[in-house]
Amino acid sequence: MNPGAAPPRGGRFEPRVAARRRAGVRFKWLCRFAVAFAVASLLVLLVHILATGLPTLSPDFLVTFPSRFPDRAGIRSAILGSLWLLTLVAAMSFPLGVGAAVYLEEYAPRNRLTNLLQTNIANLAGVPSIVYGLLGLAVFVRFLSLERSLLAGAATLSLLVLPLVIIAAREAIRAVPDSLREAAYALGATRWQAIRHHVLPAALPGILSGTILALSRAGGETAPLLIIGALTFIAFDPVSVMDPFTVLPIQIFNWTADPREEFHALAAGAIVVLLGVLLLMNAAAILIRNRYER
Amino acid sequence: MSLRSRVVERVMGALFLGCGALSVLTTVGIVVVLATQSLGFFSDVSPLEFLAGARWSPDLAPRSFGILPLLNGTLLIAAGALLVALPVGLATAVYLSEYASRRTKRIVKPALEILAGIPTVVYGYFAVAFVTPILRAVFPAAGVFNAASAALVVGIMILPMVSSLSEDALSAVPRSLREAAYSLGATRFEVSTRIVVPAGLPGIAASFILAVSRAIAETMVVTLAAGATPRMTLDLLESVQTMTAYIVQASLGDAPSGTVEYRTLFAVGLFLFLITLALNLLSQRLIGRFREIHP
């Protein structure tokens with residue numbers, strides 16, 4: 001090197017390793033802080049809910065009807081309503097969602113119309129849930145005169161979770177190897193026979209776990225049901241799909257919106273039950289997926 | 001093929017097509033319902049008053065249907081939520097993708113998934129019963145209903161979405177880019193912030209836009225925690241009303257079909273639908289472009 005030469009433009013390269021390392025350490029701690037914030041939020045939320053809600057949980061709380069008096073109120077009608085609603089949503093969204101997925105994966109030609117159908121489903125998954133509530137209010141409650149019935153609520157929520165079921169079912173069907181279909185065709189099976197006897201059974205675990213996850217979403221939905229008018233005082237067991245109903249999220253909303261502190265504790269108790277149910281559903285979905293995958 | 005199986009083939013094909021068509025029907029239903037009711041609304045209220053009016057008083061005389069206070073409430077809470085969710089979500093994504101050990105990931109990722117799976121009404125309860133009392137103890141000026149509590153909790157709620165989508169984007173950045181930078185002597189910090197984040201930017205931007213859309217569409221937290229006072233304000237300690245909270249409040253009143261009250265619901269709904277649709281489409285385009293760059 002020629003010591004007399006001018007340094008390169010912009011000054012000599014200074015590695016400044018120590019300073020850069022320090023900046024790196026500071027950044028790492030910043031990121032760690034962010035992760036800690038996220039995890040801590042979850043912990044605080046769960047601990048607060050458990051600490052407030054667990055003391056209100058009792059067998060009585062589960063089997064008595066709601067009441068104006070906090071010490072006598074329970075979630076019987078909410079639990080029954082949620083069970084009815086989820087059963088109906090499953091009965092509607094499962095066949096429709098799987099049917100649409102089968103069409104898209106097995107029947108649909110590759111053309112612009114099919115493309116449009118796919119884009120449409122992706123967009124439906126992003127529509128705010130409250131908008132589904134408005135759709136349900138105008139179509140099911142008013143136009144079809146289903147009033148504030150279980151049927152109207154289930155139909156609304158079915159439309160809401162349908163895109164999720166379709167997307168999950170398509171993934172499961174797509175994962176079935178083509179060799180299975182071709183083997184069936186080679187033996188003279190028709191398209192429907194190949195689907196019915198080979199594709200669907202092979203895809204079933206994936207479809208089921210996706211559907212359960214979609215149902216757990218439906219089980220926690222509040223806004224669309226509020227819009228269709230499900231915020232009513234229910235002190236009887238529903239016996240038909242035309243009965244008015246309440247569900248756990250609605251009961252939680254109702255008690256949380258009450259200014260009296262005692263009702264907040266009841267809301268926390270109902271939340272513990274709701275989260276317990278949703279957790280079980282999610283666990284079932286994961287179990288099915290892990291057990292039957294491959 | 002026997003006649004019977006040929007018939008069955010036809011029928012099943014048609015049934016499946018019908019199921020697929022139902023999703024189109026849903027979209028058509030949403031658009032038709034929102035549009036027809038809104039048309040009725042706009043025959044009573046001028047679109048100019050709706051879009052530019054600064055007073056929202058649909059029930060009390062003199063009635064006034066300016067949506068700006070609702071938009072103000074929506075954007076105020078969304079902005080507050082994004083202030084929490086975007087930096088924390090992105091930093092979490094960077095940490096998970098560039099720094100975290102397998103063990104840390106095994107703990108943090110399920111925690112984020114649980115956060116993402118908690119129903120919104122539970123977040124609403126959390127805002128009312130836990131966050132608001134603390135906020136009021138720290139800021140005595142804060143009301144029982146205030147925008148800050150809702151904004152903070154909505155931020156926590158959309159954080160998992162930001163972090164998981166951003167992490168997907170960062171993980172999709174090819175390893176070769178990182179290794180090239182390391183071989184030139186860059187530190188991990190420099191690789192993360194100057195190589196990986198810029199390369200993942202379209203995906204990160206897509207996750208940010210989706211977060212905006214989610215924050216605007218969020219209903220239960222804002223209804224429970226932010227109150228029902230349509231107001232032009234930037235003060236997070238005051239009660240505000242968002243578009244979604246208005247829709248809930250008004251629908252609880254059980255307005256009969258054909259009345260202005262009923263139609264107002266759908267006009268606000270249409271506005272909300274169009275905003276979120278535009279944001280979702282934008283986000284999808286960004287993700288599409290990102291997939292082209294890093295397939």
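**Notes on the chain A and chain B model**

1. Starting with a helix pair in chain B: on the α1(B) side, Val33(B), Leu34(B), Ala35(B), Gln37(B), Ser38(B), Gly40(B), Phe41(B) and Asp44(B) make the contact, and across from them in α12(B) sit Val260(B), Arg263(B), Thr264(B), Phe266(B), Ala267(B), Gly269(B), Leu270(B) and Phe273(B). Sorted by class, the residues of this contact come out as nine nonpolar, five polar and two charged. Keep in mind that this is a predicted model.

2. Now the geometry of that pair. The axes of α1(B) and α12(B), the latter covering residues 260-293, come within 8 Å and cross at roughly 120 degrees. The crossing is left-handed.

3. On to the contact between the chains: chain B puts in 71 residues and chain A 68. Helix α1 of chain B (residues 3-44) turns up again here, giving the largest share of chain B's side, 20 residues. That side of chain B has 44 nonpolar, 23 polar and four charged residues.

4. Chain A is assigned two stretches, domain 1 (17-56) and domain 2 (60-292). Their C-alpha centres lie 33 Å apart. Six residues of domain 1 are in contact with seven of domain 2, and the domain 1 side has three nonpolar, three polar and no charged residues.

5. As for confidence, chain A averages a pLDDT of 90, with 96% of the residues scoring at least 70. Helix α2 of chain A (residues 59-63) is where confidence is lowest, at a mean of 85, while helix α6 of chain A (residues 150-174) is where it is highest, at 95.

Note on methods:
Residues are numbered from 1 along each chain as its sequence is written. Chains are lettered from A and ligands numbered from 1 in the order in which they are written. This is a predicted model: local features need pLDDT of at least 70, side-chain atom pairs count only at pLDDT 80 or more; totals for chains, interfaces and linings use all residues. Two residues are in contact if their C-beta atoms, placed from the backbone, lie within 7 Å. Helices (H or I, at least four residues) and strands (E, at least two) are DSSP runs, numbered from the N terminus. Ala, Val, Leu, Ile, Met, Phe, Trp, Tyr, Cys and Pro count as nonpolar, Asp, Glu, Lys and Arg as charged, and the others, Gly among them, as polar. pLDDT is the predictor's confidence in each residue, from 0 to 100. Domain bounds come from an automatic or database domain assignment. Axes are lines fitted to C-alpha atoms, for helices over the stretch in contact, and angles run from 0 to 180 degrees between N-to-C directions. A crossing is left-handed if the near helix is turned anticlockwise from the far one by less than a right angle, and right-handed if clockwise.
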